[in-house]
There are 2 protein chains.
Amino acid sequence: MAENVLIVHGGGPTAVINSSLYGVIEEAKKIGTIDKVYAAIGGSEGILKERFLDLLEFPEEKLKLLLETPATAIGSSRYALEQEDYEAMVAIFKKYEIKYVLLNGGNGTMDTCGRVYEVCKNEDIRVVGIPKTIDNDIAITDHTPGYGSAARYIAATTAEVGVDVKSLPIHVCIIEAMGRNAGWITAASALARKKPGDAPHLIYLPERPFHEAEFLEDVKRIHEEKGGVVVVVSEGLKNEAGEPIVPPIFKTERATYYGDVSAYLAELVIKKLGIKARSEKPGICGRASIAWQSPVDRNEAVLAGSEALKAAVAGQSGVMVGFIRDEEAEKTDGVYRMHTEMIPIKEVMMYERTIPESCMNERGNDVTEEFIRWCRPLIGPELRDFIDFRELYEQHAQ
Amino acid sequence: MAENVLIVHGGGPTAVINSSLYGVIEEAKKIGTIDKVYAAIGGSEGILKERFLDLLEFPEEKLKLLLETPATAIGSSRYALEQEDYEAMVAIFKKYEIKYVLLNGGNGTMDTCGRVYEVCKNEDIRVVGIPKTIDNDIAITDHTPGYGSAARYIAATTAEVGVDVKSLPIHVCIIEAMGRNAGWITAASALARKKPGDAPHLIYLPERPFHEAEFLEDVKRIHEEKGGVVVVVSEGLKNEAGEPIVPPIFKTERATYYGDVSAYLAELVIKKLGIKARSEKPGICGRASIAWQSPVDRNEAVLAGSEALKAAVAGQSGVMVGFIRDEEAEKTDGVYRMHTEMIPIKEVMMYERTIPESCMNERGNDVTEEFIRWCRPLIGPELRDFIDFRELYEQHAQ
């Protein structure tokens, strides 16, 4: 009997999900006994429709493009699976002699992964999850592939916008970051700073209730001092009652559409403070950016793919690849250290991980050093240095 | 008497304005007889306040950072100059033994340049303009430094977002590009396409009246065919009556604030067509992006700086550096050719250049091949190839 792999992508794309796919393929080649690495074309729906493509058939030069292709090269879906779908999968796996099923995705996909494991556990079919989400909201693992690149994007972009705003310091610029319930991406904008006073000047996370009056006070104070103000906000800011600060603009049976927090806050600054303001919302430009892919994130994504297959071949099932930081050693010598461990999928299913209190400052308008220390290694090499002759002039003039 | 240069930046930043500054400095070193290259710190206001910094004092390793620093490293301003300000400048130039005044900016700055020239023309002070604007709306010159990088950014970003939307093809994604009156940046999104059917699927420019009914028809048709639709729109779309399609949200004495066209159109798609839609508005993330700086644009920006100083030293005044394309030769062998010429500043003052009819298709939802041919060399090297196994699967399955 053949020994085939099936890899499935679920949910929204990241800049490195294809790197995990590359890791799976390369590991399969190394193992040597794998016959086919099937990709399910179009996510879990692709399993049920038996839309399978063997990726081992493609030359290395094409496969290498996976490392620099954003989103998912084998498609994805948000198809809602029913119990009968799970049961139908078992027969399909058998038909294609699939022994290793790897599901790559976020919380929703890990839930699927647990259910696929349930229907396969009495068969010789092993099911392993590969974590992936820009939102970094999967439980237990220290972080998830996809996050480091989204974090690098927002940090680098905030640094560039910061220089832009500073060079013509007449307005408040509000950048909106993705992550509706978890502020991990928004928080990473703090890594734009090279020295005190650098942008971003204010950071607002969805984990803390947002107070408009305090926000306006903060903006006014910094505008008086600097002229230009850069604020980074989560798209999911909520008020004290836990309601989104921008009410939904439309609801359908399947979805709720929220207005843009950044545009709302820029308007507030204009109307309440009489200060020029504008908003930027790069949105999915961020999660699809290859230019700002974090090399650390990419390497870890490759590793997650290869470790998942290794674990399945070694007989593990019902687990997800987790990243564990050796925090104590890091504190001693400042060197980033991570290793993988298999985490029982039941422990991570449908639990959304948000930013802990210790990573946010008291006023709720910035992150703490603890967050910065944790996040810094994930975004990869240090961001570019910029030159600022105005600053040098001020030093000169003093 | 010393022979000093003064360089002044005006208006909004680009990704390569500092490259022109670098060109001026390097040219000054080459010429050898220049004593100081003063930068006016903080734009034209910096002249009046005599905030001057000699850039020849800085080591080459610091100056090189100019090539990769977005926005303006010597600041800028939108200060409205009065006639008495212009007259005051002459005395200041004399006091600092400034013989060459170089003004780098867009249409507003070229207007300033013309006025500075008027007050200096009977003195031994030469005034030369260096064009700069992401909007590409300066008259006569084929294009302006800053545009190629903004064009590369929107093309590359649209390509990445296109792959993202295609990999989970459930929604319409509307990207908003800068350029309120001229659609040059929006149009450049067409360079994202590598083959027919690639994103962007629709492009709407401010030069053509926007018809909501036609837009909805176009979106519906493409959504039925592809699932995912990518639309790029100018921030300044206007209706048949010439009014912005999104009414101003607020007006002050000095400024009008418009709502976001992309958010407005996404809402329209959701409500009128019942299709999932979202909007992305990278805004100034685009004009400040060093990752997507076009090397062609950067080199031309350096050239514009050095040519401006050369012309001034050679005795020219009241002129702007213009880029002339040798279109006939380009048509013959397809090789991009450009040379600079000095254009009388009066010919370019306050005239806004928009996209010609021949560059837009009949329905007003795309650009023509003529535009693409014109724009392609400006964005620099070809964009990355991505791999798409879903596409390969479909070909396989046929």
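I began with the contact between the chains (heavy atoms within 4.5 Å), which takes 76 residues from chain A and 76 residues from chain B. The model is predicted; local features need pLDDT of at least 70, side-chain atom pairs count only at pLDDT 80 or more, and totals for chains, interfaces and linings use all residues. Residues are numbered from 1 along each chain as its sequence is written, chains are lettered from A in the order in which they are written, and side-chain values use heavy atoms, with hydrogens and water left out.

I next looked up the buried area, that is, the accessible area (1.4 Å probe) that two parts lose on being put together, summed over both. Chain A and chain B bury about 6,300 Å² between them, with 66% of it on carbon and sulfur atoms. Of the area that chain A buries against chain B, A:Ile387, A:Phe389 and A:Tyr393 supply 12%, more than any other three residues.

I then searched for salt bridges (a side-chain nitrogen of Lys or Arg within 4 Å of a carboxyl oxygen of Asp or Glu). The rule finds six across the interface of chain A and chain B. I noted a salt bridge between the side chains of A:Glu68 and B:Arg384, at 2.9 Å, N to O.

Finally, I examined B:Glu307, which is found in helix α11 (residues 295-313) of chain B; helices are DSSP runs (H or I, at least four residues) numbered from the N terminus. B:Glu307 has a relative accessible area of 16% and is therefore buried (under 20%, 1.4 Å probe, protein chains only). Leaving aside neighbours within four places in sequence, I found B:Glu307 in contact with B:Val321, B:Thr340 and B:Met342.

Definitions and conventions: Helix = DSSP H or I, 4+ residues; strand = E, 2+ residues; numbered from the N terminus. Buried < 20%, exposed > 50% of the residue type's maximum accessible area, 1.4 Å probe, protein only.
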